[in-house]
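This briefing concerns one predicted model. Please read the points below alongside the sequence and the coordinates.

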Amino acid sequence: MLDSDNTRESEQSAGETPSCCTSLQDAKRANSKPETNNSVPIVPSHESALTGVFEISKVLTAPSRLEVTLAKVVDLLRSFVQMRCGIISLLDGDGQLDITVGAGWSASCDERCRMYLPRKAIDQIVTTDTPLVAENIAVHSAFSAADTDVLGASDAIRVSFIGVPIRVDASVVGTLTIDRVLDNGSRSWLDYNLRLLPVIANLVGQTVKLRRAFACDREQPMAEKERLQKQFCELKRPVRERKKVYVKGMIGDSPALRGLLEKVAVVAEAKITVLLRGESGTGKELIAKAIHELSPRAKRPFIKLNCAALPETVLESELFGHEKGAFTSAFNSRKGRFELADKGTLFLDEIGEISASFQAKLLRVLQEQEFERVGGNQTIKVDVRVIAATNKNLEEAVANNEFRRDLYFRISVVPLLVPALRERRSDIPLLAAEFLKNFNDENARTLTFDPSAIEVMMNCDFPGNIRELENCVHRTAIMAAGPSIGRNDFSCYHGQCFSAVLWKPATPPAEAATSAAVVVPPVVGEQAPLAPVGAALINGAKIIDREGVIAAMERCGWVQAKAARLLGLTPRQIGYVLRKYEIEIKRL
């Protein structure tokens, strides 16, 4: 326990001691009672001071809120130091007041504690990093008239003041200040407390350092946890929340198609020329339409033109328009496709088929976005986004001087490859079901697919891609005898698939004897080979008889892959032949 005599001495000093939260009027009333008991020692004993510092150190190490801890420090300081009011103020990282605590602190009186601070004096302590001692604040240069008024100093009441910096390492993070009413012993009070207060300020500084370091260490894992959670959510979002791009007419959910549609959504946002590459029948026009509808130009015109369907003279008039009298049948002026597509999108299909002379004219329009009508001399400026498409190998055409190199680089800013149907086989059942539904709606039928029919379509390469698949479904639906379409309803199982015999010439007499043989459709892109063992060739289609197949299988030890190579067939084709002839595979 602290010295009870010193406690009573403190209570008898300078009348009634106001806290930092006491109103200004209460403080002035307290200051109006000057000290008259000069027998009271104004300097505590060394034992009392050591006991007080020890008690303060215990308070500083106790687990509690920092403001509550500092308020207890001020309370203990009043118990062994004669003072009227004490305040501990802490600064934030920007040098602004963050915490202001006095005796009897509570959250509601924080603002009044700040009002009781002599701000000019506090700024001097923080700036100079040195204690400030004022025997009479009324005549000291560090105190303004407002400060002396706040502290209750006047001609009749003189106030002494001590303020010391609170440091964390080499930085000043706050101040500890006390004051008392001036009397005859103020000089010795100032000298003693100028040695005592820095000790207490250092203890407070170490506590503040540890508290802030702990808070930083605690916030850092939380911030790291939040950052990792955010990254985890961002990594999961493309899989879980990825927005699927819907394109009207594009049916399927294969990885190849999804990847294309994701690129379409990105490319559509910018005004940039796009070149769609892919085989005939893959749906390049639908992709071009999707780019337009997903772009900011969606409400503007979408104009399309097949460049391979028109001769050069007509193509020029179609694209650029013509003036009245430009040629024999030009009875009126007419806008071209570029003018009609102004502020919108122009789709040029089969661009690889245009002539070399017209390529130069088209290049100028793409570069300058301006042209003249046929038979006119007025330059017309337009704002058109061009999407071109081709199934031709433009790189080979450039190498053979069939296509201008500069035009190639102008249209191939963003090339997009539309996958062939054989590269998205998982979409075949969806497409076939949609085509059959359309057929049923148009013809009042209720046909369905057997699983065997789906297997047949899944095993076909469809060199004509989606267009060929649609024709195959419609042709099979027309010829179907029952309510459902099965394996045997497909024309390819009867040697009637268009890629095998629909376009071949009449069968020569020499080949009439092979009419009972199986006709195997050639693989797309396959060069016509020499006649393999057990097979004949008719216009690229292989005609194979049963005996030749059995001989080849026996020769190869009934290994289908080897027999297929011997017959010049693919593994799919040899399987088709074996099923057609109902040849049972021997297990050796």
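Helices (H or I, at least four residues) and strands (E, at least two) are DSSP runs numbered from the N terminus. The model is predicted: local features need pLDDT of at least 70 and side-chain atom pairs count only at pLDDT 80 or more, while totals for chains, interfaces and linings use all residues. Residues are numbered from 1 along each chain as its sequence is written, and side-chain values use heavy atoms, with hydrogens and water left out.

**Helices H22 and H23**

- Helix H22 (residues 560–567) packs against helix H23 (residues 571–580) at an angle of about 100 degrees, and their axes lie 9 Å apart; axes are lines fitted to C-alpha atoms, for helices over the stretch in contact, and angles run from 0 to 180 degrees between N-to-C directions.
- H22 and H23 are therefore roughly perpendicular to each other (65 to 115 degrees; under 35 counts as roughly parallel, over 145 as roughly antiparallel and the rest as oblique).
- In contact (heavy atoms within 4.5 Å) are Gln-560, Ala-564 and Leu-567 of H22 with Pro-571, Ile-574, Gly-575 and Leu-578 of H23.
- By class, this contact of H22 with H23 comprises 5 nonpolar, 2 polar and no charged residues; Ala, Val, Leu, Ile, Met, Phe, Trp, Tyr, Cys and Pro count as nonpolar, Asp, Glu, Lys and Arg as charged, and the others, Gly among them, as polar.
- Just after H23, Glu-582 has a positive phi of about 55 degrees.

**The parallel sheet**

- Strand E13 (residues 385–390) is largely enclosed by the rest of the structure, because 6 of its 6 residues are buried.
- In a regular strand, side chains alternate between the two faces of the sheet.
- Both faces of E13 are covered, with Arg-385, Ile-387 and Ala-389 buried on one side and Val-386, Ala-388 and Thr-390 buried on the other.
- E13 runs parallel to strand E6 (residues 274–277), joined by 4 bridges, and Leu-276 stands opposite Ala-389.
- Strand E10 (residues 345–349) is also parallel to E13, with 4 bridges, and Leu-346 has Val-386 as its bridge partner.
- E6 and E14 pair in the parallel sense over 4 bridges, where Leu-276 is partnered by Leu-416.

**The antiparallel sheet**

- A second topic is the open sheet of 5 strands ordered E2-E1-E5-E4-E3, with antiparallel pairing.
- Strands E2 (97–102) and E3 (132–134) stand at the edges with a single partner strand each, so one side of each lacks a neighbour in the sheet.
- E3 and strand E4 (residues 159–168) run antiparallel, joined by 3 bridges, and Leu-132 stands opposite Gly-163.
- Helix H6 (residues 119–128) lies across E1, E2, E3, E4 and E5, at about 135 degrees to E5.

How values were computed:
Buried means under 20% relative accessible area, exposed over 50%, partly exposed in between (1.4 Å probe, protein chains only). Two strands pair if DSSP finds at least two bridges between them.
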